[in-house]
Amino acid sequence: MVFNIFRRREREQEPASPEAPAETAEAPAAAPAAAAAPPPPATDGASVPQSLEKARGGFFGAVRTLFQARRELDESFWDELEERLLQADVGAHTTADLVDLLREQHARRSFESPEQAERALQAELVKLLGAERSALNLPAPLAVVLVVGVNGVGKTTSIAKLAHYLTEAGRKPLLVAGDTFRAAAIDQLKVWGDRVHVPVVAQGPGSDPSAVVFDGIRAAQGRGADVVVVDTAGRLHTKVNLMEELKKVHRVIQRQIPDAPHETLLVLDAVTGQNALIQAKTFAQTVGVTGLVLAKLDSSAKGGVVFSIAQELGIPIKLVGTGEKVGDLAPFDPQEFVAALFA
């Protein structure tokens, strides 16, 4: 059922909330505050190694086969390695740094074989990604997760997967349809909410997104939810007015919960390559992205953009979409990811 409590407001003053709204699914009963610990890894979906089959057989496979050729590590080898990393979408700056590092290591203490050089490359790639898994920050009693991203990257599907992931971990999420610019976006989130049995707070198309978010947090506080996941408009990163609206949503959240949002997750399409880096830079500058969700990992034949983003922005990748099913969402483990690319 659609929430029709707030009228659209032109000013960004905090909306006043009357009585509690209805929801699209039965709200959970009040429960004790949830523990602040992050949820455990999901176990009912495809694994990260399984999702990287196309990448291993595609451009990153060409990087791996170069080392397997057992050729001399001469100047032509390093040139070819640079070319293949570029083709795998690692990015010019990151590729140059990686090859320079390997050249320097080889100059100081020669690699005994291409296999040894490959292990050194893998170690440097893991360093770029941060070496350790970065867990979600979901403190008690109520965590707020803001999800941003441009149209077509798989944002709404990723939100549904996240809701399922949280539910499987024993949390009680509530979804907020903050993308009010498109009626289809509201309807799509409701459909996904029904599928994963998670309540959705929404208003009609054209409503003030900030009012919907305000409403959703109040509903969560009154209904015993412990994680609010906010969908936002599929805002093109070149649309300044839409980015300003996103800033406004951010401020309205903080007026209710000063240290929120606890996570601002940017969903990126693994297939889009270096364009994803441009998106990430703009969103990071606007709303302070705390983590990335890499969607459609199973559809990418490249995957190297992950390393560019890690080096250029220093934003941790927290979750990856490993397939099309609702359970296909997994925590991102840098060591597992790199090992799977070279398996």
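The protein chain holds 13 helices and 8 strands, in a model that is predicted. Of its 343 residues, 55% count as buried. The accessible surface comes to about 14,300 Å², and carbon and sulfur atoms account for 49% of that area.

On the helix 5 side, the contact is made by Thr94, Leu98, Leu101, Leu102 and Gln105. Helix 6 contributes Ala117, Ala120, Leu121, Glu124, Leu125 and Leu128. By class, this contact has 8 nonpolar, 2 polar and 1 charged residues. The spacing of such positions can be read against helix geometry. An α-helix has 3.6 residues a turn, so residues three or four places apart point the same way.

The other partner is helix 12. Helix 5 and helix 12 pack at an angle of about 90 degrees, and their axes are 9 Å apart. Since angles of 65 to 115 degrees count as roughly perpendicular, that term applies to helix 5 and helix 12. Here His93, Thr94 and Asp97 of helix 5 meet Phe307, Ser308, Gln311 and Glu312 of helix 12. The residues of this contact divide into 1 nonpolar, 4 polar and 2 charged. Thr94 is named in the contact with helix 6 and also in the contact with helix 12.

Helix 12 itself spans residues 305-313. Val305, Val306, Phe307, Ser308, Ile309 and Ala310 in this helix are buried. Of these, Phe307 and Ser308 take part in the contact with helix 5. After helix 12 comes Gly314, with a positive phi near 70 degrees.

Leu189 lies in helix 8, residues 183-196. Its relative accessible area is 0%, so Leu189 is buried. Neighbours within four places in sequence aside, Leu189 contacts Thr156, Ile159, Leu175, Val176, Ala177, Val200 and Asp231. Thr157 is 32 residues from Leu189 along the chain, yet the C-alpha atoms of the two are separated by 8.4 Å.

Methods:
Residues are numbered from 1 along each chain as its sequence is written. This is a predicted model: local features need pLDDT of at least 70, side-chain atom pairs count only at pLDDT 80 or more; totals for chains, interfaces and linings use all residues. Side-chain values use heavy atoms; hydrogens and water are left out. Buried means under 20% relative accessible area, exposed over 50%, partly exposed in between (1.4 Å probe, protein chains only). Helices (H or I, at least four residues) and strands (E, at least two) are DSSP runs, numbered from the N terminus. Contact means heavy atoms within 4.5 Å. Ala, Val, Leu, Ile, Met, Phe, Trp, Tyr, Cys and Pro count as nonpolar, Asp, Glu, Lys and Arg as charged, and the others, Gly among them, as polar. Accessible areas come from the Shrake-Rupley method with a 1.4 Å probe; for residues, only the protein chains shown count as cover. Axes are lines fitted to C-alpha atoms, for helices over the stretch in contact, and angles run from 0 to 180 degrees between N-to-C directions. Angles under 35 degrees count as roughly parallel, over 145 as roughly antiparallel, 65 to 115 as roughly perpendicular and the rest as oblique.
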